[in-house]
Number of protein chains: 2
Amino acid sequence: MRDVFQQQLALLDAQLLVMASSMQDAVSDAIKVMEDRSDDLAKKVIDGDDDIDRQEREIESLCLKLLLTQQPVAGDLRRVSAGLKMVGDIERIADQAADICETSISADEAFDARLAVHLRRMGECACDMVHDAVEAFVEQDLEKARAVVGRDDEVDALFDAVKTGVITTIQEGSGSANGLIGALMVAKYLERIGDHAQNVAEWVGYSLTGYYKGDLIG
Amino acid sequence: MRDVFQQQLALLDAQLLVMASSMQDAVSDAIKVMEDRSDDLAKKVIDGDDDIDRQEREIESLCLKLLLTQQPVAGDLRRVSAGLKMVGDIERIADQAADICETSISADEAFDARLAVHLRRMGECACDMVHDAVEAFVEQDLEKARAVVGRDDEVDALFDAVKTGVITTIQEGSGSANGLIGALMVAKYLERIGDHAQNVAEWVGYSLTGYYKGDLIG
């Protein structure tokens with residue numbers, strides 16, 4: 001019975017990894033679409049989102065089945081419940097990646113060059129946070145998970161810079177309105193990716209320690 | 001032992017209700033702030049957000065404790081796991097309410113009158129969805145939960161109307177840039193509230209039936 005349980009836990013880890021890897025690809029592809037507005041790559045990310053939604057439901061189903069049939073305790077319980085929460089954040093990140101693609105290709109033209117500098121840097125930060133949060137999960141590395149938390153400050157500051165840049169450009173009466181609004185929405189999606197990456201890292205930390213956002217829970 | 005468990009389940013329901021009610025107040029107050037830009041009411045919502053975050057952690061803690069110590073099965077397990085997922089959506093709704101307040105009071109002036117009409121309607125829809133999702137949870141009413149799902153189509157359509165209105169107003173060169181961007185961000189926050197209200201309703205449905213977004217899970 002315990003062997004079956006250990007196999008199912010390993011399956012949960014493997015499924016989470018496949019999903020996290022699909023999500024990571026979606027984010028890095030979305031950053032590319034933001035730059036080069038490739039319709040094909042955008043379509044790949046947008047179409048792929050359904051598959052990530054399906055993976056979320058499968059993992060939720062597996063987590064609930066494990067809770068129901070195996071009644072895990074202590075560390076195993078934390079692992080399953082962290083998985084159950086984490087998939088929600090991973091799915092939301094993939095959603096934002098699809099939103100970035102839709103917004104980028106529906107803009108009239110490439111984003112304003114000054115804004116594009118901030119967006120590129122936001123994309124790099126958000127991508128790094130996602131990558132490190134997933135790696136912390138794979139390696140069960142508490143230090144790496146902790147290092148992700150708080151890194152969204154830079155992403156938040158860059159969002160404010162894009163917002164200020166958009167307002168200034170509107171006031172100057174320059175730039176395409178559609179493009180400016182698109183750049184602002186993409187910045188918002190990148191900021192949300194940073195938030196969700198931080199949540200994933202928090203759940204990895206919880207799974208390893210029982211502490212979530214500084215509080216011992218469970 | 002079962003009596004203790006039933007008491008703890010009742011406590012979980014009661015805590016979820018208090019949190020949902022705090023969140024509902026935050027949303028309806030945020031809609032007021034969007035209209036009248038009252039600093040005091042905005043401060044109340046923004047300050048109250050920490051308390052809602054604390055409630056989220058307490059409920060997560062209780063859910064995990066219930067899973068750990070009581071090893072619930074079938075309907076009880078669904079109730080606890082739905083609670084564990086639902087608190088995340090409730091907390092995100094309260095976050096967006098605080099974001100609406102911050103954006104509304106930091107705008108130079110009241111939002112453009114044409115946009116304000118759409119924002120008001122979005123606020124009403126989002127508020128109704130939140131209210132009905134919470135009521136479906138309180139009354140364990142599957143029909144009411146199902147009726148919430150899909151209602152975000154109107155909210156999504158209104159978001160597009162605000163976005164188009166903002167772009168047109170920028171192109172006309174009229175209106176304050178800061179106010180236009182603020183209106184767009186508020187519309188985005190309201191759209192997200194609709195999404196999360198729908199998720200809450202989906203979790204109520206899951207708790208009652210075992211089906212989540214059309215799939216039998218667990």
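How much area do chain A and chain B bury between them, and what share of it lies on carbon and sulfur atoms? In this predicted model, the two chains bury about 3,600 Å² between them, with 68% of that area on carbon and sulfur atoms. The size of an interface is often given as the accessible area lost when the parts come together. On the side of chain A, the residues that lose the most area to chain B are A:Arg57, A:Leu64 and A:Lys85, which together account for 15% of what that side buries. In terms of contacts, 38 residues of chain A meet 38 residues of chain B. Of the interface residues of chain A, 100% are also interface residues in chain B, so the copies meet through the same surface.

The relation between the two chains was then examined.

Among the elements of chain A, helix α5 (residues 142-148) has the highest mean pLDDT, 95, whereas strand β2 (residues 215-216) has the lowest, 66.

Two helices illustrate how elements are packed. Helix α6 of chain A, residues 152-172, comprises 21 residues and reaches 30 Å from its first C-alpha to its last, close to the 30 Å expected at 1.5 Å a residue. Its buried residues include A:Val155, A:Leu158, A:Phe159, A:Val162, A:Val166 and A:Ile170. An α-helix has 3.6 residues a turn, so residues three or four places apart point the same way. The cover over the buried residues of α6(A) is drawn from both chains, and includes α4 (113-139) and α7 (177-209) of chain A as well as α6 (152-172) and α7 of chain B. After α6(A) comes A:Gly173, which has a positive phi near 75°.

Helix α7 of chain B has 33 residues and reaches 48 Å from its first C-alpha to its last, close to the 48 Å expected at 1.5 Å a residue. Of these 33 residues, 29 are buried, so α7(B) is largely enclosed by the rest of the structure. B:Arg192 lies in this helix, which covers residues 177-209. With a relative accessibility of 8%, B:Arg192 counts as buried. Beyond residues up to four places away in sequence, B:Arg192 touches A:Arg92 and B:Gln96. Just after α7(B), B:Gly210 takes a positive phi of about 90°.

The cysteines were considered last. A disulfide is a covalent bond between the sulfur atoms of two cysteines. With sulfur atoms required to lie within 2.5 Å, the count over all chains is zero disulfides. For A:Cys127, the closest cysteine sulfur is that of A:Cys125, and the 10 Å between them is too far for a bond. A:Cys127 counts as partly exposed, because its relative accessibility is 22%. B:Cys101 is likewise in no disulfide, the nearest cysteine sulfur being that of B:Cys127, 12 Å away. At 0% relative accessibility, B:Cys101 counts as buried.

How values were computed: Residues numbered from 1 in each chain as written. Chains lettered and ligands numbered in written order. Predicted model: local features only at pLDDT ≥ 70, side-chain atom pairs only at ≥ 80, totals over all residues. Heavy atoms only, no water. Helix = DSSP H or I, 4+ residues; strand = E, 2+ residues; numbered from the N terminus. Buried < 20%, exposed > 50% of the residue type's maximum accessible area, 1.4 Å probe, protein only. Contact = heavy atoms within 4.5 Å. pLDDT = per-residue confidence, 0-100. Expected span 1.5 Å × (residues − 1). Buried area = accessible area lost by both parts, 1.4 Å probe.
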